[in-house]
Amino acid sequence: MNVLGLSFYYHDSSAALVRDGVLVAAAEEERFSRVKHDSGFPALAIDFVLRTAGLTIADVDFVVFYEKPFVKFERMLLTAMSTFPRSAAVFRESMQRWVTDKLWIKSRLTRELGIPGAKLLFADHHVSHAASSFFTSPFEEAAILTIDGAGEWTTSTLGVGRGTKLEILKEIRFPHSLGLLYSAFTAYCGFEVNEGEYKLMGMHPYGVPRHVDKIKQLIEIAPDGSLWHDMRYFSYHFSPDRTLNAEFERHFGRPARDPKLGDKTLDPFYCDIAASIQQVTEEVVLTMARHLHELTGLKQLCMAGGVALNSVANYKVLRQGPFTDLYILPAPGDDGGSVGAAYWAYNHLLGQPRGPALDHAYLGSSYSDDEIRAFLEQHAIAYEHIADDERFYDFAARALVDGQVCGWFRGRFEFGPRALGARSIIADPRRAEMKDKLNATIKFREAFRPFAPSVLEERADEFFEIPEAARHFPARFMLYVTPVRVEKRSVLPAITHEDGSGRLQTVFKDTNPAYHGLIRRFGELTGVPVIMNTSFNLKGEPIVESPAHAFNTFSLSGMDLLFLNNFVVRAPAKKKIAETVFHLRHEGDTVTAMVS
Ligand SMILES: [Fe+2]
């Protein structure tokens, strides 16, 4: 049985294909369209997942959308009405966008895909989140916690999964929302909402949580973790572009105007705010987790929703909460909604047996040696090819030891926001200067933000506080920030954050043998089986998908070497080439994607 899950029209559009319980392919539209956070109809991602599965749309048994558009519209409408006339702007904008487009998802899907309406199903937004984490987890039974900005009405759920069934036990409803609270502080500190949350999290170790009580004057946290917001301070319920209002500014003071709060000019006041909202977030998530444990008595926890990207809070849940094992899929945000929608239909609705746990994120496209060689020759790019894998790992590891910054493009790209050794830029974490080099010549991002380490799973606990590393699925996906062991902090200056922490990725031989081979060789040469890993993209661009994107990113940056599978391209070969892009061709009622 083939089920196509879809998520679009909100944040990151994506498509996912589940065949007989196995997640065969999943990808965000942005990787193909090259539009960052593309929220449009994911025609290219749909084409990709179908091609990967060797299917046409006629072979698909069900298409499942990750939320219920009419229920969400009802929330928009009722909220706008209750806050009128302040909501006039959001009302006008919502009506324009919803009535012309978003409401008619069913007719759009039947028209674009040429499928009958009977094949189309709609999941609830938070049920999609819950399903995305539980049905991809290794747990037969688990408590499930979902937290985000907002779905239809729901902003957080406590639930339980048993076998092929999900049950939502409790929920919090809009406008009371931990995700939206965090976003309000993201905006207050001068960052873009839905983009800058990572920056706020990265800034928190520079501050002291001295404003926690002040934040708590805006909200109430009940013993079961449910939240109540004093809406006099917020404006996200009536404004299309403002999350906080003048009352909020009177309470906390002037918001940061400069989005480049960067490095040496970090303002201590906003660092304290970041530390304070981080502490409040952790308190709410932990309170919810404890209550969920009381309700279910279970020791396993699955998490999803945008707040599950807060890898600092996730690790606190593991260490301070009542659960012994956590699972979070690599795309816990709305991009993972497509996966959840498909599994909800397959397991919960249709009662089909569970598939294998998702223990890797390599669900995107890949390029063969023949394709890469053809690409390099077509563009007359000088290259070397090291056919023997061990010799190649040795070559790459020695380049890192020599201080070279390298593009690493190999295998299927990662589903979710993190690069995990398929589309990564890599460097030597023992060199303190690497952080500045990457920021100044490649990433062009705020210097206070930390870079992440990739470590061999079998040696992770030597360097990070993560005993029995193999058990901890979130660490495979960079969803835990753990302390770097005190004695290793000076060994790993480029990836150790201000507070001595690191957002590690554990690397497994069975799921990414080449990346594992590279890090193993680096470890043999240096005694440190850890490398520095950041996503393969320029600032503001989606992570690269194809050899052409990778080569142009390499050419436009200060990288020293580019590895495409076992092909090596050196810096003198840099130039700008035309990118092979997907073009859509509309034919009657169907959309076909073709490569130009
Ligand atoms: Fe969501």
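**Notes on the predicted model**

1. Start with strand S12, residues 325–328. Both of its faces are covered. Asp 325 and Tyr 327 are buried on one side, and Leu 326 and Ile 328 are buried on the other. Keep in mind that this is a predicted model.

2. Strand S12 has a parallel partner. Strand S11, residues 300–304, is joined to S12 by four bridges.

3. What kind of unit do S11, helix H12 and S12 make? They form a β-α-β unit, and it is right-handed. Helix H12 covers residues 311–320.

4. Check the peptide bond between Phe 174 and Pro 175. It is cis, with omega at about 5°. Pro 175 sits in a loop, with strand S8 (165–173) on one side and helix H7 (178–188) on the other.

5. Asp 20 has a positive phi, near 50°. Asn 565 also has a positive phi, of about 50°. Asp 20 is in the loop between strands S2 (14–19) and S3 (22–28). Asn 565 is in the loop between strands S21 (561–564) and S22 (567–570).

6. Asn 565 has a relative accessible area of 9%, so it counts as buried. The cut-off for buried is under 20%.

7. Which residues form the nonpolar surface patch? They are Met 1, Leu 349 and Leu 350. Together they have about 220 Å² of accessible area. Leu 349 belongs to helix H13, residues 337–349. Its relative accessible area is 42%, so Leu 349 is partly exposed.

8. Finish with Arg 31, in helix H1 (residues 30–33). Its relative accessible area is 1%, so Arg 31 is buried. Leaving out residues up to four places away in sequence, Arg 31 touches Phe 413, Glu 414, Gly 416, Ile 543, Glu 545 and His 549. Take Phe 413 from that list. Arg 31 and Phe 413 are 382 residues apart in sequence. In space, their C-alpha atoms are 9.4 Å apart.

Terms used
Residues numbered from 1 in each chain as written. Predicted model: local features only at pLDDT ≥ 70, side-chain atom pairs only at ≥ 80, totals over all residues. Heavy atoms only, no water. Buried < 20%, exposed > 50% of the residue type's maximum accessible area, 1.4 Å probe, protein only. Helix = DSSP H or I, 4+ residues; strand = E, 2+ residues; numbered from the N terminus. Pairing = 2+ DSSP bridges. Right-handed = clockwise from strand over helix to strand, strands pointing away. Patch = residues over 30% accessible without salt bridge, like charges linked within 9 Å, V, L, I, M, F, W, Y side chains within 5 Å. Areas by Shrake-Rupley, 256 points an atom, 1.4 Å probe, with all protein chains shown as cover. Salt bridge = Lys/Arg side-chain N within 4 Å of Asp/Glu carboxyl O. Contact = heavy atoms within 4.5 Å.
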